[in-house]
Amino acid sequence: MTAQYLITGNSAIAISDSVEAGVRHGALAPGAALPSVRALAAELAVSPATVAAAYQRLRDRGIVVTAGRHGTRVRAVTPIAATRAARASMPVPSGLRDLAAGDPDPRLLPNLGPILREVADELAARDGAVGYAEGEPLPELLALARQRLPELPGDASYTLVSGALDGLDRLLAARLRPGDRVAVEDPGWAALLDLVAAQGLVPVSMPVDDQGPTVAGVRAALAAGARAAVVTARAQNPTGGAVSADRAAELRPLLRDVFVIEDDHAGELADVPLHPVGGGATWAFLRSAAKPYGPDLRCAVLAGDAETVSRVEGRLRLGAGWVSTVLQRTLLRLWRDPGIGAGIEAAGRAYDQRRSALVTALARHGVAASGRTGINVWVPVPDETRAVASLRDAGYAVTPGHVYRTATGPGIRLTAATLGLDEVEPLAAAVAAALAGGPAPITR
C-alpha cells in the first residue's frame with residue numbers, strides 16, 4: 001500500500017502531516033505498513049531522528065502503532081473522522097464465525113418492549129412534554145444509583161451521561177489539556193486509545209494482569225508524568241482482568257494525587273466484587289447500561305468528586321443538555337423490575353460459563369489465555385497477522401491485538417459472548433494450530 005502513496009516532508013511535522021493525509025484520503029488503509037525509519041529517512045534525505053520523531057507524533061495521535069519486528073502500521077481504527085468509512089467497509093466476511101464484534105449476546109438482553117410501553121403511558125399521563133427547563137437527571141434515578149453503588153464514597157456527587165465513552169470524553173476534557181499525559185491500560189480498550197489521541201493527550205502505557213493495573217506499571221506511568229489514570233474495574237477489555245481487593249489496596253495510595261477515572265462497564269453482569277481504586281481529591285466512576293441492558297440504551301451513571309461532576313454537568317449544558325428522560329425512565333424501570341434483575345444475573349452466569357469454558361479448553365491445548373471476567377479472552381501470540389489469517393482460514397474472525405496495545409506484546413482478542421459450548425473445543429483447537437504455525441482445522 002505504501003508503494004502507491006508517496007510520503008513527503010523534510011521535518012517531523014511535515015512527514016507526520018503527509019502520513020495523516022494519506023490515512024485521511026484512504027491512500028494508506030488500516031493496517032498498511034509504513035517504511036522503516038531508516039528507509040524513509042534515506043528516501044526523504046533527512047535524518048533517522050526526524051522520521052522517528054514523525055512516527056512518534058503519529059503514535060501519540062493514535063494514527064499508527066508499532067508492532068515490533070513487523071514495523072509501524074496504520075491503526076485499524078484511528079481518530080481521523082474520514083476513516084470511519086474505512087472501518088465500516090471492513091465487515092466480517094460471509095461464512096466466518098464472528099468472534100471479533102465485542103457485543104453482548106442479543107438473546108441475553110432484556111425485552112424493552114413492555115418497559116417502553118410503561119414509559120409511554122407515564123409520559124402520556126403528564127400535563128405536557130418535558131421542556132428545556134425540566135431536562136435534568138431524575139432525582140429518583142440518581143438516588144437508586146447511589147443505593148446500587150455502596151462501594152463508592154458517601155459524599156460522592158452523581159449525574160448521568162450518554163454512555164461510558166461519552167463520560168470518558170467529558171471527564172478527560174474536564175481535567176486535562178492537550179499534551180497532558182494519561183495512564184492507559186496496556187492492552188486496553190481501543191476506543192479509549194482513539195479518544196485520548198483525538199483530545200491531543202499523550203497515552204502512557206500501564207500494563208495490566210488478571211488483578212488490574214500492575215503496581216510496577218502504575219509507578220512507571222506516574223514517573224513518566226501521567227496526570228490521570230483510566231482503570232477498568234471489572235471485565236477489562238480485552239484481557240478480562242478485574243481489580244482485586246489486594247490490588248486496590250496497593251493502588252489507592254499511589255493514585256491519590258492524580259485524576260482517577262474508573263470504568264465499570266460490566267456493571268450488574270460482573271461476577272466479582274467491585275473494589276474501587278479512586279477516592280482522592282479528584283476522581284470519577286462510570287457505570288454504563290450498555291452491556292447488561294443493551295448498547296442502544298445510551299445512559300451511564302457518573303459519580304465523582306463534586307468539582308469534577310460539576311464541570312461535566314456545566315459542559316453538558318452547553319452541548320447535549322441532558323440525557324433524555326425517556327432513557328432515564330426506561331433505566332429506572334429496568335433497575336426496579338426484579339424479573340429483569342434475575343435475567344441479568346442469569347446472563348452473567350451464561351457469559352461466565354462460555355468464557356471460562358474457552359479459557360479451560362485453550363489451556364488443555366497448551367495455549368495460555370486470560371479471561372477472568374467479562375465476555376472477552378486475550379491470547380498472547382508471537383505473530384498477530386499470522387494468527388488472525390490462520391483463524392480466518394479456519395472459519396473464525398478475531399480481532400488483532402495491535403488496536404488495543406501501546407507497548408505490550410502481540411495478542412488476539414476473542415469475544416465469547418455468543419459462543420456455544422459445542423463450539424469451544426473446535427475453536428480452541430484452531431487457536432492452538434494457529435499459534436503452532438501449522439494449518440488450522442477448518443470448521444466451516
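Visitor: At what angle do helix H6 and helix H13 pack?
Guide: The model is predicted. H6 spans residues 139-148 and H13 spans residues 325-336. Their axes lie 10 Å apart. The packing angle is about 40°.

Visitor: Are H6 and H13 parallel or oblique to each other, and why?
Guide: The angle between H6 and H13 is about 40°. Angles under 35 degrees count as roughly parallel. The two helices are therefore oblique.

Visitor: Is the crossing of H6 and H13 left-handed or right-handed, and which residues of H13 make the contact?
Guide: The crossing is left-handed. H6 contributes Glu-140, Leu-141, Leu-144, Ala-145 and Arg-148 to the contact. From H13 come Gln-328, Leu-331, Leu-332, Trp-335 and Arg-336.

Visitor: How many residues in the contact of H6 with H13 are nonpolar?
Guide: One residue of the contact is polar. Three are charged. The nonpolar residues number six.

Visitor: Which strands stand at the edges of the open sheet, and why?
Guide: Three strands run in the order S12-S15-S14, with antiparallel pairing.

Visitor: Which residue in S15 is the bridge partner of Val-379?
Guide: S12 pairs with S15 (residues 411-415) in the antiparallel sense. Five bridges join these two strands. For Val-379, the partner in S15 is Ile-412.

Visitor: Which helix packs on the sheet, touching S12 and S15?
Guide: The helix covers residues 338-364. Its direction makes about 20° with that of S12. The helix is H14.

Key
Residues numbered from 1 in each chain as written. Predicted model: local features only at pLDDT ≥ 70, side-chain atom pairs only at ≥ 80, totals over all residues. Heavy atoms only, no water. Axes fitted to C-alpha atoms, helices over the stretch in contact; angles between N-to-C directions. Helix = DSSP H or I, 4+ residues; strand = E, 2+ residues; numbered from the N terminus. Parallel < 35°, antiparallel > 145°, perpendicular 65-115°, else oblique. Left-handed = near helix turned anticlockwise from the far one by under 90°. Contact = heavy atoms within 4.5 Å. Nonpolar A, V, L, I, M, F, W, Y, C, P; charged D, E, K, R; others polar. Pairing = 2+ DSSP bridges.
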